[in-house]
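Have the model open beside the text.

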Amino acid sequence: MDQVIKFLNDFNFAITSVTGVSLWQLFKKVFASSQANQKAHEELINQLRKGQMAGLHHQVYEEGKRILSQGFVTLDELNNFEYLFEAYTALGGNGTGEVIYNRVMGLNVTEGTTTFTREAEKAHEAKGQTHE
């Protein structure tokens, strides 16, 4: 242990002699820089989350209005709408989106699968998977 302490002291002396900054000061600068980077990263993530939330809110609102105006919902539409709403609520969305969701869920559900869904089901069956 004494050798480690001696090495650190010698290393600190060499760093201080060359740079004029002690090892402790250098560590504090790196740590402060790391904290600033972390704060900037968190702010970027927060802004991206807000943007994603706005986009999902718009999609829930517009798709919900469209479905409500037709007076019924197909299985495919309901499945798609639930995916949107789940993503929206996972990011903290509520309020208007929840009201629209509840109204859509109250509609009569009719059978209806799109060509996309039928193709996806066939592809999943061929792979031995289930389609969600």
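Start at E63, which lies in helix α2, residues 23-70. Helices here are DSSP runs of H or I with at least four residues, strands are E runs of at least two, and both are numbered from the N terminus. Is E63 buried or exposed? E63 is buried, because its relative accessible area is 17%. Buried means under 20%, exposed means over 50%, and partly exposed falls in between, with a 1.4 Å probe and protein chains only. Leaving out residues up to four places away in sequence, E63 touches N80, F81 and L84. Contact means heavy atoms within 4.5 Å.

A word on the source. This is a predicted model, where local features need pLDDT of at least 70 and side-chain atom pairs count only at pLDDT 80 or more, while totals for chains, interfaces and linings use all residues. Residues are numbered from 1 along each chain as its sequence is written, and side-chain values use heavy atoms, without hydrogens or water.

Now turn to a helix pair. Helix α3 (residues 75-90) packs with helix α4 (residues 96-105) at an angle of about 155°, their axes 11 Å apart. Axes are lines fitted to C-alpha atoms, for helices over the stretch in contact, and angles run from 0 to 180 degrees between N-to-C directions. That angle makes α3 roughly antiparallel to α4, a label for angles over 145 degrees. On the α3 side, L78, F81, E82, F85 and Y88 make the contact. On the α4 side, the residues are G97, E98, I100, Y101, V104 and M105. By class, this contact has eight nonpolar, one polar and two charged residues. Ala, Val, Leu, Ile, Met, Phe, Trp, Tyr, Cys and Pro count as nonpolar, Asp, Glu, Lys and Arg as charged, and the others, Gly among them, as polar.

Next, the core. In soluble globular proteins, nonpolar side chains tend to be buried together. The largest nonpolar core here has 14 residues. Such a core is a set of buried Ala, Val, Leu, Ile, Met, Phe, Trp, Tyr and Cys residues joined through side-chain atoms within 4.5 Å. V60, I67, V73, F81, F85, Y88 and V104 touch the most other members. α2, α3 and α4 each supply at least two residues. The largest share, five residues, comes from α3. V104 touches G64, I67, L68, V73, L78 and F81, not counting residues up to four places away in sequence.

Finally, the whole chain. It has five helices and two strands, in the order α-α-β-α-α-β-α. Of its 132 residues, 19% are buried.

Conventions:
Parallel < 35°, antiparallel > 145°, perpendicular 65-115°, else oblique.
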